[in-house]
Amino acid sequence: MGGCHSYPSATKADGKALQPSAISREKQGINNNNLEERPYLQQQYVCQRITHMDMLTLISLPPGVDKAEWLASNTVAFFKHINLFSSALSEFCTPTTCPTACGPDNTVYVWTDDHGRKLKCSAPLYFDYAMSYIQELLADEDVFPTKSGSVFPTGFVFLVQKVFLLFFRTLSHIYWSHYGETLALGLHPHLNTLFIHLMLFCQQHALLEPEDTEPMQDLITALGQQV
């Protein structure tokens, strides 16, 4: 699912052609897991965190802080954490093991280019496209300005929503297709902490639609009970 800083599966030309302006989700009878049970819902795993903290304080807009600045700084932080986590599992996510980018309920994530063409990608290629796109946005001073006094662009929140949708899909795929490897590496407390932090932040700032998160709603509910 890509390394921390480079995404060799997505060429420069591909990056220009593939825009998430029409990211779509299709229901297909395919998944990379083929497990009827969802081990990540078992109580012995769902209660595991790396730390127990006041999540409300962590996600809430601090007094006196501009909301766009708060969204921007958290977008950068989540990108670093999710990219690092997915990198730890990248050797297990290959075109052979993951011919589709999928999540629970036989959900297959399909990238749509700016001409409206749906591109069926293997999971590593899909997430290479996704992380490359996000990385380019974060490096664009016109979108994520870093200089004092700079103004965020019109439609900034809309772009942030698309980025967080890609974050959600990345973690959804890990839970669905790579939870066994996550357990074997002892990373499930980190994954739970990262996922519930992401979901609570999205709920607090209205970044995801219910239909987007519905395939993982059982886990969101289970983890929310542990907060």
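User: Contact means heavy atoms within 4.5 Å. Leaving aside its neighbours within four places in sequence, which residues is Phe167 in contact with?

Analyst: This is a predicted model, in which local features need pLDDT of at least 70 and side-chain atom pairs count only at pLDDT 80 or more, while totals for chains, interfaces and linings use all residues. Residues are numbered from 1 along each chain as its sequence is written, and side-chain values use heavy atoms, with hydrogens and water left out. With those sequence neighbours set aside, the partners of Phe167 are Thr75, Phe78, Phe79, Ile82, Ile134 and Leu198.

User: How many helices and strands are there in the chain?

Analyst: Helices (H or I, at least four residues) and strands (E, at least two) are DSSP runs, numbered from the N terminus. Their order is α-β-α-α-α-β-β-β-α-α-α-α-α-α. The chain therefore holds, under this definition, ten helices and four strands.

User: How far apart are the end C-alpha atoms of α4?

Analyst: The expected span of a helix is 1.5 Å times one less than its number of residues. For the 22 residues of α4 that should give 32 Å. The model agrees, with the end C-alpha atoms apart by 32 Å.

User: Is Thr107 buried or exposed?

Analyst: Buried means under 20% relative accessible area, exposed over 50% and partly exposed in between (1.4 Å probe, protein chains only). Thr107 is in strand β3, and its relative accessible area is 0%. Thr107 is therefore buried.

User: Which residues do salt bridges that share partners join into one network?

Analyst: A salt bridge is a side-chain nitrogen of Lys or Arg within 4 Å of a carboxyl oxygen of Asp or Glu. Asp105 pairs with Arg38 at 2.6 Å between the closest N and O atoms; Asp105 lies in the loop between β2 (102–103) and β3 and Arg38 in the loop between β1 (24–27) and α2, so parts 67 residues apart in sequence are tied together. Arg38 also meets Asp218 in a salt bridge (2.9 Å, N to O), and Asp218 is in helix α10, 180 residues apart from Arg38. The network consists of Arg38, Asp105 and Asp218.
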